[in-house]
Amino acid sequence: MESSRPAARINAIATAVPDSDVQATYREWARRQIADPREAKLFERMCDRAGIEHRWSILSAADARLEPGSFYARATPPGTAERMRIYATEAPALAIRAIDRLFAAQGASGCADGITHLVVASCTGFVAPGIDQIIARKCGLSDRVERVLIGFMGCYAGAVALRTARHIAQSDAAARVLVVTVELSSLHLQPAASLEPLLAMLQFGDGAAAALVSTAGEGLLLGEGLSLALEHSDAMITWTIGDSGFAMHLSGEVPARLAQALADPAVAARIGGKGGIAAIDAWAVHAGGRSILDAVQRALDLPAGALDLSRDVLRDYGNMSSGTLLFALQGTMARRPANGVALAFGPGLAMEGFRFGWSEEGDDGHVA
């Protein structure tokens with residue numbers, strides 16, 4: 001980080017999930033679609049090994065139980081228009097829950113009046129006026145607040161949103177940037193008869209996160225950005241808008257391809273920085289799935305327990321796309337690490353991330 005510029009930092013992170021736990025319900029819904037008994041047993045074994053105990057959805061308890069007439073218990077899947085109507089209402093509402101918690105943590109008076117910029121990341125819906133404008137109005141933000149909307153980047157959009165906030169804060173020392181991620185992945189379940197898509201959908205849940213980024217106070221310093229796009233991998237993760245929602249394709253080859261890329265000495269050296277991988281105190285890795293976390297741990301030869309925070313997020317919430325990394329960073333902040341690396345993976349196949357390190361109030365600091 002350039003010493004002539006103010007050091008941007010995450011001052012606080014707050015998170016929120018809906019009330020309906022749908023992990024068991026999804027397993028029931030998916031199992032009904034598998035005709036082959038052997039594949040059904042394999043699906044159950046894979047569910048048991050997934051490392052996910054809970055996933056949360058904005059769908060009602062009745063919808064989550066797949067009662068007759070509920071959202072997914074229909075002869076014809078809900079259309080994209082119906083799914084987007086729900087997104088337009090529920091996505092801002094869930095985002096506000098996270099933002100309210102963030103503001104409450106800043107003191108009784110809140111911090112809405114001091115926000116200068118709003119950066120929102122979401123890929124599970126579209127609405128105009130944009131979700132950024134809806135959130136700004138519901139939060140009571142000034143109409144002079146500058147807004148950025150990061151859409152359809154998928155699981156690494158949280159890293160991109162935080163890096164964008166870093167650039168804003170470094171260019172304006174008075175900036176107080178509100179970063180918001182909100183995803184309603186449960187709106188996009190698709191009927192499927194084969195294992196690969198059913199196992200891919202098994203990973204995803206709904207969630208929102210809000211972070212405050214500025215150049216003042218204590219917090220997690222945002223350092224150098226990390227980006228990597230893998231050649232000949234663009235078909236491995238796709239997210240396509242269809243007539244019945246957004247269809248996710250997540251190839252089972254992703255973990256192996258990712259491990260191969262990260263094991264490259266040049267890539268590992270770039271991630272590790274001057275001190276190398278062994279000198280990294282903390283890791284905040286997008287909980288894309290158990291096999292993804294295992295691949296990262298194996299390829300970078302990380303010690304046992306290095307990804308425990310990410311595994312905890314996966315266990316309790318599943319993969320919430322762009323917000324998942326912020327859930328892991330929230331736990332990381334409580335440990336105040338001297339240095340660390342945040343990594344997320346998504347369509348491309350690509351990696352986005354950044355270095356971080358703890359800074360006390362009044363410390364301009366830098367990230368090694």
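Aromatic rings of Phe, Tyr and Trp, the last taken by its six-membered ring, are counted as a pair if their centres lie within 6.5 Å. The views below show a predicted model, which holds nine aromatic pairs.

**View 1. Tyr-26 and Trp-29 form a tilted aromatic pair.** The ring centres of Tyr-26 and Trp-29 are 5.6 Å apart, with 40° between the planes. Both residues belong to helix 1 (residues 23-31), where they are three residues apart, about one turn of the helix. Tyr-26 counts as buried, at 3% relative accessibility, and Trp-29 likewise counts as buried, at 9%.

**View 2. Phe-152 and Phe-246 form an edge-to-face pair.** The planes of the two rings stand at 85°, so the pair is classed as edge-to-face, and the centres are 5.8 Å apart. This pair links distant parts of the chain, its members being 94 residues apart. Phe-152 lies in the loop between strand 5 (146-151) and helix 6 (157-171), whereas Phe-246 lies in strand 10 (residues 245-250). Phe-152 is partly exposed, with a relative accessible area of 28%; Phe-246, at 1% relative accessibility, counts as buried.

**View 3. Four residues form one aromatic cluster.** The members of the cluster are Tyr-26, Trp-29, Phe-71 and Tyr-72.

**View 4. The charged end of Arg-55 sits over the ring of Tyr-26.** The distance from this charged end to the centre of the Tyr-26 ring is 5.0 Å. Tyr-26, which counts as buried, is also a member of the aromatic cluster with Trp-29, Phe-71 and Tyr-72.

Conventions. Residues are numbered from 1 along each chain as its sequence is written. This is a predicted model: local features need pLDDT of at least 70, side-chain atom pairs count only at pLDDT 80 or more; totals for chains, interfaces and linings use all residues. Side-chain values use heavy atoms; hydrogens and water are left out. Rings of Phe, Tyr and Trp (its six-membered ring) pair if their centres lie within 6.5 Å; planes under 30 degrees apart count as stacked, over 60 as edge-to-face and the rest as tilted. Helices (H or I, at least four residues) and strands (E, at least two) are DSSP runs, numbered from the N terminus. Buried means under 20% relative accessible area, exposed over 50%, partly exposed in between (1.4 Å probe, protein chains only). A charge sits over a ring if NZ of Lys or CZ of Arg is within 6 Å of the ring centre and within 35 degrees of the ring normal.
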